[in-house]
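Here's a quick tour of one model, written for someone who likes to think in contacts and distances. Have the coordinates open as you read.

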Amino acid sequence: MVRRKRMYGGILLVLFVALLSSGWLLADARNAGGFWNGLPQVIDFPAEVLAEAWAKRANLPGLFLDHVPALIETLNIAAVSTLLGTLAAMALSLLATRGLARWQALIPLFRRTMDALRAIPEIVIALVLIYILGGGPVPAVIAIAIHTAGSLGKLFSEVAENADLKPVEGLTAVGASWSQRMWLGVIPQVAPNWISYALLRLEINVRASAILGFVGEGGIGHDLKLAMQWGQGRYDQVVAIFLLLFLAIVVIDGVSDRFRHKLVKGI
């Protein structure tokens with residue numbers, strides 16, 4: 001049995017490497033320049049950007065201040081989408097958890113719904129919403145919230161499955177409704193882990209909202225796209241935006257990590 005498992009594992013590894021290699025060769029053949037031909041020039045563009053930014057380094061503090069409003073818009077998009085996605089994930093997770101769901105027969109439906117919500121990338125949803133709603137932060141909020149609901153719903157459901165059912169049984173015995181059983185018997189148990197996952201998702205959504213700016217969704221990503229499109233002469237803005245976004249993410253990561261540790265560990 002051990003030899004058979006090793007043989008199957010080896011076959012799967014060989015197939016994986018073969019598929020990966022063939023896909024890479026096909027992509028390299030279809031590329032305009034080829035990977036190996038362009039490899040010696042891979043640092044040319046970053047070097048050009050950094051050289052111009054260093055020459056204009058005196059302008060960086062002023063550029064930071066100029067792009068703070070765009071950064072605030074990006075953070076607002078991430079915060080609102082995380083809040084909306086978390087609320088939707090809470091409802092979906094409870095409806096999709098065995099032993100807690102209000103309608104046991106509909107559990108597969110709610111699970112497949114969460115699978116569908118997290119299967120589609122945010123940028124695809126945003127591109128579709130642009131044609132419907134136009135540009136701006138609203139399509140970005142909706143796109144990120146949809147993906148957040150699917151991703152957090154799965155995590156929330158796994159946490160809820162490990163909840164102690166004795167409080168739920170006690171509430172059922174005294175005639176509590178389903179919503180009362182969930183609110184008083186389940187959510188107090190799972191709230192620390194749920195909040196921890198939501199804070200982690202907030203960090204991811206800050207990055208996602210910045211990326212969506214490249215497709216016309218506003219925020220600091222849109223400013224970065226415009227600066228890069230202008231090319232030489234605006235590279236100091238590119239570096240300033242990168243540094244500002246990097247500092248914001250570092251601060252958010254540090255604060256949320258501390259809150260998550262306190263919620264989970266209690267210290």
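## Salt bridges along the helices

Because Arg112 and Asp115 are three residues apart in helix α5, about one helical turn separates them. Their side chains meet in a salt bridge, at 2.9 Å from N to O. Asp115 is partly exposed, with a relative accessibility of 26%. Keep in mind that this is a predicted model.

In total, the structure holds six salt bridges. One of them pairs Glu161 with Arg111, whose closest N and O atoms are 2.8 Å apart. Glu161 belongs to helix α7 and Arg111 to helix α5, so this pair ties together parts that are 50 residues apart in sequence. Glu161 is partly exposed at 37% relative accessible area, whereas Arg111 is buried at 13%.

## Ser157 and its surroundings

Setting aside neighbours within four places in sequence, Ser157 is in contact with Ser93, Ala96, Thr97 and Arg111.

## The nonpolar cores

Which residues touch the most other members of the largest nonpolar core? Out of its 20 residues, they are Leu94, Leu100, Met182, Val186, Val190 and Trp194. Helices α4, α5, α7 and α9 each supply at least two residues of this core, and α9 gives the largest share, six residues.

Val186 makes contacts with Leu94, Leu100, Ala163, Val168 and Arg181, not counting residues up to four places away in sequence. Apart from this core lies another one, of 19 residues, including Val49, Val206, Leu244 and Ile249.

Helix α6 spans residues 122-133, and Glu122 lies in it. Is Glu122 buried or exposed? At 15% relative accessibility, Glu122 counts as buried, because the cut-off for that is under 20%.

Its side chain joins that of Arg201 in a polar contact of 3.4 Å. Beyond residues up to four places away in sequence, Glu122 touches Ala143, Ile144, His147, Arg201, Ala208 and Leu212. Ala191 is 69 residues away along the chain, and the C-alpha atoms of Glu122 and Ala191 are separated by 26 Å.

Technical notes. Residues numbered from 1 in each chain as written. Predicted model: local features only at pLDDT ≥ 70, side-chain atom pairs only at ≥ 80, totals over all residues. Heavy atoms only, no water. Helix = DSSP H or I, 4+ residues; strand = E, 2+ residues; numbered from the N terminus. Buried < 20%, exposed > 50% of the residue type's maximum accessible area, 1.4 Å probe, protein only. Contact = heavy atoms within 4.5 Å. Polar contact = N/O pair within 3.5 Å; in protein donor to acceptor, adjacent residues only side chain to side chain. Core = buried A, V, L, I, M, F, W, Y, C linked by side-chain atoms within 4.5 Å. Salt bridge = Lys/Arg side-chain N within 4 Å of Asp/Glu carboxyl O.
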